[in-house]
Amino acid sequence: MTTTRTEKSLPLPPGSFGLPVIGETISFLRDRDFAKKRHKRYGSIFKTHLFGRPTVMMIGAEANRFLFTNENQHFSVTWPHSTKVLLGLGSLAMQTGEIHQKRRKLLSQVFQPRALAGYTSTMESIIHSYLQKWQQMGTLTWYPELRKYTFDVACKLFVGTDATADSHFGELFEEYCQGLFTIPVQLPWTKFGRALRAREQLLAKIEEIVRQRQQQPNSNEDALGLLLQARDEDGNSLSLEELKDQVLTLLFAGHETLTSAIASLCLLLAQHPDILATARAEQQQLGFKESLTLEHLKQMNYLELVIKEALRLIPPVGGGFREVIKGCEFNQYFIPQGWSALYQINRTHQDINIYTEPNNFEPQRFAPQKAEEKAKPYSYIPFGGGMRECLGKEFAKLEMKLFAANLIREYEWELVPNQNLDMIMVPTPHPHDGLQVKFRQLISISQAKPGN
Ligand code: HEM
């Protein structure tokens, strides 16, 4: 496929490239309404200049469809330079073409239904220990605690280690995540410089874990066990360098986005007591106790809608970058080869042509009789779409549901007054003051327990 003369004669999308070199990168990183303002001004496709490249932002279900179905024809994955360097060339999120397909197939073993079923009891016991800890704390800043919880789960299930035994590991990850979307100035005091140093230390720790595991008998109990045994279609195992990048990606992707998703869910439930009450009534009606299975979780229909709506209203990932590998036409505009393209999850989920009153938290919009997201394909994309759709989607949904079911069944929480709940959007949305709550066991439950 080549770019035709007619395509080249089409106009470029409207918009501004901003300042020389840095373009509009600073506003993109700092202004949470960056896309909204330009969407209003220029429409659903516009040009800008981000992370050193001319970029076209494409908004809406139709644009998502165009981008996801033209993967590897017009578009190929790319990330800002800071993200590329910090993820590493061996990360699935960076790989393209045949190698991407092979590695995706290999890594997807970690997220097969049978593997997921095996994760639930470990997840649940970590959930219980945190719920009890927070009850004892009484008043807490929840976001950093939720981060510790999701990181514990990721470490246990992906590499078989106990994160609580090494708090430095978690701190390094925090430093690492802070540098992912930054201007890549490598100095000891810049976010990028510090993140790069954290990456080196994280890789050294991962190598230590891998070498220890290589001395032990094979195990299928966690992702690392599967990766160490895995052979691709040509019978090759992963090189140590690639293995380290892949494990780093799983640990990062497996907790950063989930922390944001769970924190948003807890915030929205605290702000909507009627919805929390309905979700709690469902739990009471189902009457399940400990050791929830995938079958139990499937029956929690209302909770499913609540989680789906939280991921629509505050999607942890705002969008995804692609490189235009072959110029093309979209909506009567020419998109030149060499530009970046950015699809928009946030703006798609706010589209008034798809969602009625999109700013409202309204789980029933996804009930089968309404199913607003079904009006057009690619209207609901918290996990992206097409051949690069999130690999951990089912794992993420499982962890969110298991956590929420245990939380709302036995505990209650209220927001501490006078805190700043404005969202910081980078690297993933989280409340400015870290979500301060008063946390306690539900009165009916504590009264039912002997000795209370
Ligand atoms: C609520 C939680 C999560 C959300 C919202 C989320 C969202 C996304 C999105 C939007 C993409 C596509 C990016 C693109 O189009 O370039 C993606 C890719 C990916 N996600 Fe997730 N994710 C979540 C949790 C997880 C978890 C738990 C894992 C597992 C460890 C994971 C692993 C990955 C990987 C490896 C990719 C790259 C896939 C590829 O390029 O083929 N994610 N995620």
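Let's start at a loop: Pro427 sits between strand E10 (423–424) and strand E11 (430–431), where helices (H or I, at least four residues) and strands (E, at least two) are DSSP runs numbered from the N terminus. The peptide bond from Val426 to Pro427 is cis, with omega near 0°. This is a predicted model, so to speak of local features takes a pLDDT of at least 70, and side-chain atom pairs count only at pLDDT 80 or more, while totals for chains, interfaces and linings use all residues. Residues are numbered from 1 along each chain as its sequence is written, and side-chain values use heavy atoms, leaving out hydrogens and water.

**The iron and its ligand**

- Cys390 is the only protein donor of the ligand's iron atom, with its SG at 2.3 Å. Donors here are N, O and S atoms within 2.8 Å of the metal (3.2 Å for Na, K and Ca), and sites may look incomplete because water is not among the atoms.
- To find Cys390, look in the loop between helix H17 (345–349) and helix H18 (393–410).
- The ligand is surrounded by 27 residues, and the closest are His100, Arg104, Arg322, Tyr343 and Cys390. A residue counts as near if one of its heavy atoms lies within 4 Å of the molecule or strand in question.
- By class, that shell has 19 nonpolar, five polar and three charged residues. Ala, Val, Leu, Ile, Met, Phe, Trp, Tyr, Cys and Pro count as nonpolar, Asp, Glu, Lys and Arg as charged, and the others, Gly among them, as polar.

- His100 has a polar side-chain atom 2.7 Å from an oxygen atom of the ligand. A polar contact is a pair of N or O atoms within 3.5 Å; within protein, one must be able to donate a hydrogen and the other to accept it, and residues adjacent in sequence count only if both atoms are side-chain atoms.
- For Tyr343, a polar side-chain atom lies 2.6 Å from a ligand oxygen atom.
- In Arg322, an N or O atom of the side chain is 2.9 Å from an oxygen atom of the ligand.
- Helix H6 (97–107), helix H12 (240–253), helix H13 (256–271) and H18 are the elements that give two or more residues to the shell. The largest share, three residues, comes from H13.

**The five-stranded sheet**

- Five strands make an open sheet in the order E1-E2-E8-E5-E3, with mixed pairing. Two strands pair if DSSP finds at least two bridges between them.
- At the edges are E1 and strand E3 (75–77), each pairing on one side only.
- Strand E1 (residues 45–50) and strand E2 (residues 53–58) run antiparallel and are joined by six bridges; Leu50 stands opposite Arg53 in E2.
- E1 and E2 form a hairpin with two residues between them, and Phe51 in the turn has a positive phi of about 50°.
- Four bridges link E2 to strand E8 (residues 340–344), and this pair runs parallel. Met58 stands opposite Tyr343 in E8.
- Helix H3 (residues 34–42) lies across E1, E2 and E8, at about 140° to E1. Axes are lines fitted to C-alpha atoms, for helices over the stretch in contact, and angles run from 0 to 180 degrees between N-to-C directions; contact means heavy atoms within 4.5 Å.

**The three-stranded sheet**

- A second open sheet has three strands in the order E4-E12-E9, with antiparallel pairing.
- Its edge strands are strand E4 (139–141) and strand E9 (411–415), each pairing on one side only.
- Five bridges join E9 to strand E12 (residues 436–441), and Tyr411 stands opposite Gln441 in E12.
- Helix H7 (residues 113–137) packs on this sheet, touching E4, E9 and E12, and its direction makes about 105° with that of E12.

**One more backbone detail**

- Gln332 has a phi near 70°, a positive value in a residue other than glycine.
- Gln332 is in the loop between strand E6 (328–330) and strand E7 (333–335).
- Most residues other than glycine have a negative phi, and most peptide bonds are trans.
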